[in-house]
Amino acid sequence: MFQVLVVLIIHAVLVMAAVWGAAALWFRLPGTLTQRRLAIACWSLAALALVLLGVQGHWLATGLLVLMMAALLTWWFRLQPTHDRPWSGDVAYLATGEVQGNRLTLHHVRDFDWRTRDEADEHWNERSYDLDRLDSADMIVSSWGRPGVAHVMISFGFEGERFVLFSVEVRRLKGERFSEIGGFFRQYELAIVATEERDAVGLRAEVRGERVSLFRLRMSRKAMRSLLLAYVDEANALAESPRFYNTVTANCSTLIFDMARGIGARLPFDYRLLVTDRLPGYAFKVGGLWPGLSLPELEDKGRIDEKARQAHRAPDFSQCIRSEVPGWDLASPSERSPGTKASDTGTKQ
């Protein structure tokens with residue numbers, strides 16, 4: 001009886017491995033749709049036949065299935081990310097930057113005027129920022145109705161006049177659509193994009209019709225500067241050495257978490273880092289959001305999608321979307337500062 005149970009467990013594991021292998025072939029095997037379907041059909045039929053024979057005691061069949069999986073894994077681990085592919089226009093360039101004294105210069109800052117989801121007047125610019133004027137950081141969360149899923153971006157402000165937004169995204173090919181499942185199977189490379197807010201927020205609120213919320217982060221100037229420079233360092237490293245996007249381990253929230261820890265924040269791991277539409281709740285729990293209000297109040301007052309639609313591409317777009325948002329509804333820049341009560345990491349110690 002014990003021997004039968006061991007055989008069943010071994011073959012159950014092999015069945016799951018074969019299913020994973022079929023998905024890996026679907027998302028990463030080169031060729032036409034017909035060719036991929038044929039390859040997956042052959043793989044699935046061969047795996048099924050070998051599993052059935054193995055369960056019946058034909059260990060040669062089990063050995064052949066193991067060899068099949070070994071060959072597939074050899075191919076899988078030889079896949080390498082690259083910068084040399086026909087990218088979609090919105091991720092054609094990756095952000096890079098350098099600091100000289102107190103000046104930050106960013107290259108390839110995106111400033112698209114979006115007409116549809118796939119069409120825009122494309123502009124890539126070089127921007128320079130005075131780090132001594134950096135005094136705000138905001139978390140912008142965009143969701144589109146899928147439970148547990150949202151996109152998280154961080155925007156840095158310079159005395160309420162200029163803003164630059166960083167977005168960790170999938171680097172899609174021209175005409176390619178995003179698939180959360182494909183993100184588990186090395187279908188996409190990783191991209192860090194720096195944009196004007198009217199580009200990234202306007203695209204999500206106005207063109208895609210998503211729900212967009214803005215949360216002022218409770219951070220000291222030192223922590224803001226460290227996080228901004230961490231983004232720049234991460235972007236430069238990514239431009240030098242491409243990486244695969246992963247829906248769980250290398251996405252818009254986990255990279256923020258890693259960078260925050262990298263600058264000294266003592267942040268506990270939490271399931272909400274993976275369930276990205278719950279990330280505001282996590283930030284609230286660790287004391288990272290603007291104080292004095294409950295989380296529901298911050299979420300309600302932080303809705304900016306309708307404001308973004310009304311502002312469109314107005315010169316004061318960033319100021320318009322912040323109207324009445326907690327932390328931005330105060331009179332002077334000094335009042336808008338979280339002060340010394342916030343730690344250098346922006347979290348409770």
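Helix axes here are lines fitted to C-alpha atoms over the stretch in contact, and angles run from 0 to 180 degrees between N-to-C directions. This is a predicted model, in which local features need pLDDT of at least 70 and side-chain atom pairs count only at pLDDT 80 or more, while totals for chains, interfaces and linings use all residues. Residues are numbered from 1 along each chain as its sequence is written, and side-chain values use heavy atoms, with hydrogens and water left out.

Begin with two helices (DSSP runs of H or I, at least four residues, numbered from the N terminus, as are strands, which are runs of E of at least two). Helix α5 (residues 221-240) and helix α6 (residues 254-262) pack with their axes 10 Å apart, at an angle of about 120°. The two are therefore oblique to each other, a class left over once angles under 35 degrees are called roughly parallel, over 145 roughly antiparallel and 65 to 115 roughly perpendicular. The contact (heavy atoms within 4.5 Å) brings L227, A230, Y231 and E234 of α5 against L255, I256 and M259 of α6.

A nonpolar core is a set of buried Ala, Val, Leu, Ile, Met, Phe, Trp, Tyr and Cys residues joined through side-chain atoms within 4.5 Å; buried means under 20% relative accessible area, with exposed over 50% and partly exposed in between (1.4 Å probe, protein chains only). The largest such core has 57 residues, and L106, M139, F156, F166 and Y231 have the most contacts inside it. Its largest share, 9 residues, comes from α5. Apart from it lies another core of 16 residues, among them F163, A200, I304 and W328. Beyond its neighbours within four places in sequence, F156 is in contact with residues including M224, L227, L228 and Y231.

Now turn to strand β8 (residues 162-171), where E169 is placed and S167 is also found. S167 counts as buried because its relative accessibility is 0%, and E169 counts as buried because its value is 8%. Their side chains make a polar contact of 2.7 Å, that is, a pair of N or O atoms within 3.5 Å; within protein, one must be able to donate a hydrogen and the other to accept it, and residues adjacent in sequence count only if both atoms are side-chain atoms. The side chain of S167 also joins that of H151 at 2.7 Å, whereas E169 joins R204 through a side-chain polar contact of 3.3 Å.
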